[in-house]
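Good morning, colleagues. Please bring the sequence and the coordinates up on your screens, and I shall go through the model with you.

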Amino acid sequence: MAVMLYLATSPKTYNANIEQPGPFNQLAISVLESGLGRGERSKLPRQSFQWMQGVFQCKFVSPKHANDLQHYYRKVHGMRRSRETQASVALSSPPFCHFNTSDPRWNLKDGCPEPFDQKMLEEVCEKKYNMTVVKALMARLPKNSIEQLINVCDSSKEFDCKLLFLVRDPRGIIPSSQARWRKRIKILRYEDLAAKPSKLLPDLLEFAGLPMDETASNWLDLASHKPKTESEQKAAPWREDSFEGAERWRWKVLPYEISIIEHYCSHVMKLLGYKRLDHSYEMQRNLSVRLLDDDFEALGWLYN
């Protein structure tokens with residue numbers, strides 16, 4: 001089993017969707033602490049290790065973990081979002097549901113009547129997919145470190161891991177290893193991917209050891225653009241223009257907030273090639289001004 005680890009630094013995670021881009025099995029995974037009491041928090045590193053190792057092997061550890069996926073990706077949280085917007089695309093498609101989400105007949109409540117169980121998840125994972133893509137959020141990992149992920153990857157020869165470290169401009173986030181791992185870790189800025197997703201796809205597939213795939217390319221094109229029809233909007237309300245989404249902070253965040261962020265994050269921004277605004281409101285609102293340097297220090301960390 002090939003495993004692609006997508007590491008993100010954004011703290012917004014609890015309602016992340018699970019998508020199904022053709023051959024990929026993308027699981028937005030967070031380590032769940034809901035079942036741990038104060039005296040049991042020490043068990044979290046061991047339990048998270050077992051959970052991640054199990055996902056990599058298409059083994060979902062226990063019925064409780066299957067119930068967690070059911071709860072977080074098939075049930076509604078609060079009144080802000082409907083069942084349709086909460087639904088995971090992958091877990092709301094066959095064999096878990098009668099129809100694909102793009103089918104006009106699809107309805108989560110009536111078309112997906114039976115809850116899935118641990119055995120079904122494992123069978124679908126093993127038989128339908130030969131690669132698992134895991135989104136791991138740094139804030140949810142033990143000690144906020146990728147150390148345990150690397151340990152999980154090294155714990156078995158059954159899977160081969162690649163790590164894609166997705167970083168983002170802190171101005172857009174805050175308001176809203178070892179040498180042998182160097183060729184297995186790639187740094188990618190969120191803004192670069194959002195601006196040219198289709199252009200970067202071949203390089204990402206090559207890094208993951210996968211051939212160029214038309215299904216993945218078509219899915220990415222749809223996912224990075226707004227829905228064009230009402231039926232598309234109903235089936236995939238999460239779709240948006242990826243460039244607009246990445247730059248949204250530039251017309252939503254107040255200048256004084258940006259100044260504070262730039263003050264405290266100046267060093268990290270420089271390492272990752274993010275240009276400071278230095279109190280320039282005109283530059284902030286002018287989207288034709290690119291706030292990225294193509295050559296930045298962090299690029300050399302893994303390749304020197």
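Confidence comes before geometry here, as this is a predicted model. The protein chain has an average pLDDT of 76, and 74% of the residues score at least 70. Two stretches call for caution. Over residues 10-38, pLDDT stays under 50, and the model has 86 contacts beyond four places in sequence for that stretch. Over residues 77-84, pLDDT also stays under 50, and there the model has 15 contacts beyond four places in sequence.

I turn now to the disulfides. How many disulfides are there by the distance rule? The count comes to 2, taking a disulfide as a pair of cysteine sulfur atoms within 2.5 Å. As a reminder, such a link is a covalent bond between the sulfur atoms of two cysteines.

One of them pairs C58 with C125, whose sulfur atoms are 2.0 Å apart. The torsion about this S-S bond is -60°, and the link of C58 and C125 is left-handed. C58 sits in the loop between α1 (44-56) and α2 (63-74), while C125 belongs to helix α5 (residues 118-128), so the pair ties together parts that are 67 residues apart in sequence. Are these two cysteines buried or exposed? C58 has a relative accessible area of 1%, so C58 is buried. C125, at 4% relative accessibility, counts as buried too, since the limit for that class is under 20%.

There is also a disulfide that joins C153 to C161, with an S to S distance of 2.3 Å. Its torsion about the S-S bond is about -95°, so the link of C153 and C161 is left-handed. Both C153 and C161 are buried. As for another cysteine, C265 has a relative accessible area of 16% and is therefore buried.

Next, I would draw your attention to F56, which lies in helix α1. F56 is buried, with a relative accessible area of 1%. What is the C-alpha to C-alpha distance between F56 and V152? The answer is 8.9 Å in space, for two residues that are 96 residues apart in sequence.

Most residues other than glycine have a negative phi, and most peptide bonds are trans. C58, already mentioned for its disulfide with C125, has a positive phi of about 60° although it is not a glycine. H279 is another non-glycine residue with a positive phi, in this case near 70°. H279 is found in the loop between α14 (255-272) and α15 (281-285). With a relative accessible area of 68%, H279 is exposed, because the threshold for that class is over 50%. The peptide bond from P94 to P95 is cis, with omega near 5°. P95 has its place in the loop between α3 (83-86) and α4 (108-111).

Finally, let us consider a helix pair. Helix α9 (residues 197-208) and helix α10 (residues 214-223) pack at an angle of about 145°, and their axes are 10 Å apart. The crossing of α9 and α10 is right-handed. Which residues make the contact? On the α9 side they are P197, S198 and L201, and on the α10 side they are A216, S217, L220 and D221. Sorted by class, the contact of α9 with α10 has 4 nonpolar, 2 polar and 1 charged residues.

Thank you for your attention.

Terms used:
Residues are numbered from 1 along each chain as its sequence is written. This is a predicted model: local features need pLDDT of at least 70, side-chain atom pairs count only at pLDDT 80 or more; totals for chains, interfaces and linings use all residues. Side-chain values use heavy atoms; hydrogens and water are left out. Axes are lines fitted to C-alpha atoms, for helices over the stretch in contact, and angles run from 0 to 180 degrees between N-to-C directions. Helices (H or I, at least four residues) and strands (E, at least two) are DSSP runs, numbered from the N terminus. A crossing is left-handed if the near helix is turned anticlockwise from the far one by less than a right angle, and right-handed if clockwise. Contact means heavy atoms within 4.5 Å. Ala, Val, Leu, Ile, Met, Phe, Trp, Tyr, Cys and Pro count as nonpolar, Asp, Glu, Lys and Arg as charged, and the others, Gly among them, as polar. pLDDT is the predictor's confidence in each residue, from 0 to 100. Buried means under 20% relative accessible area, exposed over 50%, partly exposed in between (1.4 Å probe, protein chains only).
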